[in-house]
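Here is a friendly walk through the model on your screen. Keep the 3D view open and follow along.

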2 protein chains.
Amino acid sequence: MKSNKHPTNFPSADHDHRRCVASALDKAESYCAAQGVRLTKLRHRVLELIWASHRPVGAYDLLQQLTLEGHKAAPPTIYRSLDFLLNNGLIHRINSLNAYVGCEHPGLDHAAQFFICGACGQAAELDDARIESAIIGHAKRIGFTIERKTIEVSGTCANCQDQQRDRQG
Amino acid sequence: MKSNKHPTNFPSADHDHRRCVASALDKAESYCAAQGVRLTKLRHRVLELIWASHRPVGAYDLLQQLTLEGHKAAPPTIYRSLDFLLNNGLIHRINSLNAYVGCEHPGLDHAAQFFICGACGQAAELDDARIESAIIGHAKRIGFTIERKTIEVSGTCANCQDQQRDRQG
DNA sequence: ATAGCAAATGTTATAATATAACGTAACATA
DNA sequence: TATGTTACGTTATATTATAACATTTGCTAT
């Protein structure tokens, strides 16, 4: 039995990947056009690969994909694209995994908090106001000026817990 | 002028390093004795070096220190000690820096949240109940079981901001 | 004390992640 | 189309971390 009792940002197993990837790429194209920055073929493809995987993916995994596609790529190729995508807020880096994941709200001001499921490998991006304000509040109290935040919570998502229960009877 | 208006976990510039290191090592010794695990010479020395630096320190920095001291050390030497110290809660790993820092509350159950100053390089360990409960609350709402949390906020601490202001007049 | 075992460390090699430096190609625009 | 800038290709190397196996150390039971 599949539980729907929890609202979650984890994509359901049966959602339409293709539409979801296409939509992300559309948004990215609009955003880059609006900003006057160039979402080149390579950058576009890298972003597409990241979204297609639908979970945090390593730089060298991407490199391998490109190589399989006949693109003669070396590490700098991929890291430069990743830098561009990071700088333009189109992807996030998951520090605890050394991996990269598509940003769900490119162009919008948002906190990037991640719940990462070790079972399915998926990362849900949140913008929880209470987490955000608790952090900002603490920073204010100690007079700390925030530049970057890394909020990554690892564990097991509701779907995967259900599946584990199902398997065990 | 030095500001004291902010309560903070950042050690003041004039605090007594030596006492602070000694105290951390004492605690570590008691803790290991109580747990029946062995804080060997090597592990003790690694922990001492981490505390002495008083900011997050990289594995290869530690390695270099040991080498300078005449210890013929290779990477596994240091990583094994780091693993031991991590597993026993005597240090934390700062994912956003690939670096290790002494734990301020070994043996106690606590959230490990870090505010990391890019200017002085120091990392303040917090246990802010509101941050913690905001995260736990969100996890509950989405049915997520938490295993590990990485909460790292980078920026500039109050002391360093004061100093920057002083320099600029 | 010492034989035997487990834990810790030494040693060599290599994996995984990331960047430096410099040359070439593509693109924008005057 | 000349010109400058941005992106990309290419080679080399830096940085962080682990695998695999040999040796030593220290604990425990006799």
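## Reading the model

A residue counts as buried under 20% relative accessible area, exposed over 50% and partly exposed in between, using a 1.4 Å probe and protein chains only. This is a predicted model, in which local features need pLDDT of at least 70 and side-chain atom pairs count only at pLDDT 80 or more, while totals for chains, interfaces and linings use all residues. Residues are numbered from 1 along each chain as its sequence is written, chains are lettered from A and ligands numbered from 1 in the order in which they are written, and side-chain values use heavy atoms, leaving out hydrogens and water.

## Aromatic pairs between the chains

Rings of Phe, Tyr and Trp (its six-membered ring) pair if their centres lie within 6.5 Å; planes under 30 degrees apart are stacked, over 60 edge-to-face and the rest tilted. Six aromatic pairs turn up over all chains. One of them is the stacked pair A:Phe10 and B:Phe144, at 5.9 Å centre to centre with 10° between the planes. A:Phe10 sits in the segment before helix H1 (17-35) of chain A and B:Phe144 in the loop between H5 and S5 of chain B, so this pair joins two chains. Helices (H or I, at least four residues) and strands (E, at least two) are DSSP runs, numbered from the N terminus.

A:Phe144 and B:Phe10 are also stacked, at 5.9 Å and 10°. B:Phe10 is buried, with a relative accessible area of 7%, and A:Phe144 is buried at 6%. A:Phe10, A:Phe115 and B:Phe144 form one aromatic cluster.

## The nonpolar core

A nonpolar core is a set of buried Ala, Val, Leu, Ile, Met, Phe, Trp, Tyr and Cys residues joined through side-chain atoms within 4.5 Å. The largest one has 32 residues, and among those touching the most other members are A:Phe10, A:Phe144, B:Phe10 and B:Phe144. H5(B) gives the most to this core, with five residues.
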